[in-house]
Amino acid sequence: MDISLLAFAHILVAAAVCWLNFIVIDVFFRLPEAGGVVGATAIGKHIEKGGGALHGGYMMGNIVSSPDASAGTLLAACGVFIAGIPGGLLAALLVYIGNRICHDPGYAGTTGCLTATFIISGFTLIGFSPAEFIAGMVIAILTIQGISHRHSSRLLSTLWRVRRG
Amino acid sequence: MTPQEAALAVCGIIAVYAAVRVALEPDTLRKLPFFNVLSFAVAGSIALIIPHPLSIIAAAAYFVGSTLESNAIASTYAGGLDRRE
């Protein structure tokens, strides 16, 4: 296969892996439950007013307002791309500091960064480049935050209902 | 095209798309998720363009900074915290 086509195919696989990593961790850490700061709550309510679902909106607000598992996955990919596993661990430390700066009491970002570091390092063993995971994570966040807030918030609310049981 | 160039192309295209969506969205609070996508694409591009250990810190500092800005803008629009006690 042509090398650039292979790179784009890898990016799509990486996007799916990153998407699963950050959604599973964010939903597990109860990001859709409520807004972590006043601003996140307000974003959730505005998304609901635009035809979306409230709990999905809260999670989107929380992603905007503090580095969560999606930011952790992106920075882990950057870290592994530049310096391998130690780079990913440095990224986790920076995400932890970023969470505290943004007044976020949770550990979703740090956990997401650590899991992503090891997942991405594993994928490099089967021919993936960490650079493809950087692009993959940008595509993954685009599907949640950048296309249709109405549909993505409804999807996140559905996942939250499953998590809550 | 190397994987790095392909990744940079994807980040660049998504950054431009997100910037257009930020400009077109009339509701200020709903601009912020699009701005979040833009920050992801720019932070990723920083690491892809400058593969140096310090650029991990640069990308993280840029990303945390932009998140903090979004947090501040959203909280201010929401009326902020009432600290008169």
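Which elements does chain B run through from the N terminus on? Select chain B and follow the trace: the elements run α-α-α, that is, 3 helices and 0 strands. Please note at the outset that this is a predicted model.

**Stop 1: chain B as a whole**

Of its 85 residues, 47% count as buried. Among the contacts in chain B with a separation of 6 or more, 50% are accounted for by residues 24 or more positions apart.

**Stop 2: chain A as a whole**

Next, select chain A. This chain has 7 helices and 0 strands, in the pattern α-α-α-α-α-α-α when read along the sequence. Its radius of gyration is 16 Å, close to the 15 Å that the globule rule gives for 165 residues, so chain A is as compact as a globular protein of that length. The box filled by its C-alpha atoms, taken along the principal axes, is roughly 45 × 35 × 25 Å. Buried residues make up 63% of the 165 residues in chain A. Of the contacts in chain A between residues at least 6 apart in sequence, 73% join residues at least 24 apart.

**Stop 3: helix 4 of chain A**

Now select residues 69–101 of chain A, which form helix 4. How far apart are the end C-alpha atoms of this helix? Although helix 4 has 33 residues, its end C-alpha atoms are only 16 Å apart, short of the 48 Å that a straight helix would reach at 1.5 Å a residue. Centre the view on A83(A), where helix 4 bends by about 145°. A proline, P86(A), follows within four residues of that bend.

**Stop 4**

H103(A) is not a glycine, and it lies in the loop between helix 4 and helix 5 (108–124) of chain A. Is H103(A) buried or partly exposed? With 13 other C-beta atoms within 10 Å, H103(A) is partly exposed.

Then go back along chain A to R30(A), in the loop between helix 1 and helix 2. R30(A) likewise is not a glycine, and has a positive phi of about 60°. This residue is partly exposed, with 17 other C-beta atoms within 10 Å. For background, most residues other than glycine have a negative phi.

**Stop 5: the side of chain A that touches chain B**

Show both chains together. Here 50 residues of chain A are in contact with 44 residues of chain B. Which helices of chain A each supply at least two residues of the side that touches chain B? They are helix 1 (3–28), helix 2 (38–49), helix 3 (54–65), helix 4 and helix 6 (130–145). Helix 4 gives the most to this side of chain A, with 14 residues. Colour the side by class to see 34 nonpolar, 15 polar and 1 charged residues.

**Stop 6: the largest nonpolar core**

Select L75(A), A77(A), C78(A), A91(A), I134(A) and V138(A). Of the 85 residues in the largest nonpolar core, these touch the most other members. Helix 4 of chain A gives the most to this core, with 15 residues.

Centre on L75(A) and display its contacts. Leaving aside neighbours within four places in sequence, L75(A) is in contact with A91(A), L94(A), V95(A) and C113(A) of chain A, and with A59(B), A60(B) and F63(B) of chain B.

**Stop 7: V10(B)**

Finish in helix 1 (residues 3–24) of chain B, where V10(B) lies. V10(B) counts as buried, with 27 C-beta neighbours inside 10 Å. Which residues is V10(B) in contact with, leaving aside its neighbours within four places in sequence? The contacts are I11(A), A135(A), V138(A) and I139(A). V138(A) was also selected at the previous stop, as one of the core residues that touch the most other members.

How values were computed. Residues are numbered from 1 along each chain as its sequence is written. Chains are lettered from A and ligands numbered from 1 in the order in which they are written. This is a predicted model: local features need pLDDT of at least 70, side-chain atom pairs count only at pLDDT 80 or more; totals for chains, interfaces and linings use all residues. A nonpolar core is a set of buried Ala, Val, Leu, Ile, Met, Phe, Trp, Tyr and Cys residues joined through C-beta atoms within 7 Å. A residue is buried if 20 or more other C-beta atoms lie within 10 Å of its own, exposed if 12 or fewer, and partly exposed in between; C-beta atoms are placed from the backbone. Two residues are in contact if their C-beta atoms, placed from the backbone, lie within 7 Å. Ala, Val, Leu, Ile, Met, Phe, Trp, Tyr, Cys and Pro count as nonpolar, Asp, Glu, Lys and Arg as charged, and the others, Gly among them, as polar. The radius of gyration is taken over C-alpha atoms; the globule rule is 2.2 Å times the number of residues to the power 0.38. The expected span of a helix is 1.5 Å times one less than its number of residues. The bend at a residue is the angle between axes fitted to the seven residues ending there and the seven starting there.
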